[in-house]
Amino acid sequence: MKINRKTHMELRLQNLLFTLLFLGVVALVAWLSTRYSAQFDWTAGHRHTLSEASIKVLEMLKEPVRVTAYARETKNLRDQIADQVGRYSRRKKDLTLSFVNPDTQPDKVRELGISVDGELVIEYQGRSEHVQEANETTLTNALQRLARAKDQRIVFLEGHGERSPTERANHDLGQFGDELGRKGFSVSTVNLGVTPKIPDNADVLVIASPNANLLPGEVSLIGEWVKQGGNLLWLMDSDNLKGLAPLARQLGVQVLPGKVVDASTQLFGIDDPTFALVADYPPHAITYGFQTMTLFPSALALDVVQDNHDFEREALLNTLARSWTETGPIEGKIQFDADKGERQGPLHIAYVLTRELKAEAKDADKKEGAEAAKPREQRILVVGDGDFLSNAFLGNGGNLNLGLNMINWLSQNDQFINIPAKTSPDRDLQLTPLASGIIGFGFLIVLPLALIGSGVLIWWRRRQR
């Protein structure tokens, strides 16, 4: 193309117009960025995105949440806190964050008991929670505690060798007790031999696999607690009910002879056939939306006694069809034998019992025209296994979340069911001594020798040319 003066002018105008349009687009994008924001989390595991559990907790908080960070003028610390809290405020617009330099308000810091630089105080509906380390696990747990309208007390029976909610032995429930505390429950124990009364403010009584017989008077106290409408979680680990047979008759529940076994668990890498798997769940508030497989070691099969009972009884956990109750010794090759009275699966290993109780009318309700008090539902859960919540097996499958769902349902907190536990990510790498030795030998001996050998080989070949 021949370039004349007119063409040259047109090219200049085109370039000028393109430059002006480009600068205009850049200015428009810059202006929009000050009014709107968009973020994308492309990290593995979505480390910068709120989990499903955190989002569900935020959806339960209907009123504004105020977060105050007591942090010095340290840019890295304040940026980290702003980043963590910002993930929540982007989801909940009335969740606000403000910073206070603790050096400028020593009296306030002393009054609130602030002990760590960067400690957060989260306030909601007049209640507050302290968080010393700003991460999603601690923030979500604190918000969930604040979402509970009142303090709720879970009382564990003790004095008969029961699993403890505070101890760390493999068979104890210490980790489960800790998780209940993080979710806002108050966990305590009662020894009816010392204090012959179940606390009036107990929301749930837990009987966790006693090893010694209860005294008749203690059994009567528990029976009266149930009769008066108390909520109960009973974990069984033996067909010897340790003196609690009257309670079983009161509830209309019985234990089938033998242990639940599933010889095909070796397909899943489990050598012990006494591990019962539960993969499907019936429609119930406890298992609503619950799809994770759970594991029950040495479980007992339960059945209901067809007597007249006030309770509505419903099987909650059922083993697979290939399981059965093994009444003989569990060693070597085992197989189902109907002649010995063994029962083929699916077997029921947990029952929920409910009944409607008439609410006691208060004085104000007795006035003419006052609305009648609403009836209350008593809730009881009997599980033929206590190991699934123990420190040794709590982390298997969905055991932890199922246990939390059970406690939330028993304590009438249905709105918290189906909120999975937000736990700290496992960042520990545990190696066996053999694996550690191989890695150490490889990096300290094999790799340096290989590098030296390759260098010598290259040097020798060059000399041969």
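**View 1. The largest pocket of this predicted model has a volume of about 810 Å³.** A pocket, on a 1 Å grid over the protein atoms alone, is an open set of points with protein on both sides within 12 Å along at least five of seven lines, and its lining residues have an atom within 4 Å of a point. The volume is the space filled by probe spheres set on the points, which are joined across faces, edges and corners. Of the 30 lining residues, Ala202, Asp203, Gly229, Asn231 and Arg376 are the closest to the centre of the pocket. At least two lining residues each come from strand S7 (202–208), helix H7 (216–227) and strand S17, with the largest share, three residues, supplied by H7. Helices (H or I, at least four residues) and strands (E, at least two) are DSSP runs, numbered from the N terminus. The lining divides into ten nonpolar, ten polar and ten charged residues, where Ala, Val, Leu, Ile, Met, Phe, Trp, Tyr, Cys and Pro count as nonpolar, Asp, Glu, Lys and Arg as charged, and the others, Gly among them, as polar.

**View 2. Eight residues line the largest cavity, and they are nonpolar.** The structure holds two cavities of 30 Å³ or more, a cavity being a set of grid points where a 1.4 Å probe fits but cannot get out. The largest cavity, with a volume of about 50 Å³, is lined by Val65, Val67, Val85, Tyr88, Leu95, Ile122, Leu139 and Leu143. Strand S1 (65–70), helix H3 (75–91) and helix H5 (136–147) are the elements that give two or more residues to this lining.

**View 3. Aspartate 387 lies in the loop between strand S17 (376–383) and helix H9 (399–410).** Aspartate 387 has a relative accessible area of 16% and is therefore buried, a word used for values under 20%, with exposed over 50% and partly exposed in between (1.4 Å probe, protein chains only). Its side chain is joined to that of arginine 163 by a polar contact of 2.9 Å, that is, a pair of N or O atoms within 3.5 Å, of which, within protein, one must be able to donate a hydrogen and the other to accept it, while residues adjacent in sequence count only if both atoms are side-chain atoms. Leaving aside neighbours within four places in sequence, aspartate 387 is in contact (heavy atoms within 4.5 Å) with Arg163, Asp237, Pro297, Ser298 and Phe393.

**Notes.** Residues are numbered from 1 along each chain as its sequence is written, and side-chain values use heavy atoms, with hydrogens and water left out. In this predicted model, local features need pLDDT of at least 70 and side-chain atom pairs count only at pLDDT 80 or more, whereas totals for chains, interfaces and linings use all residues.
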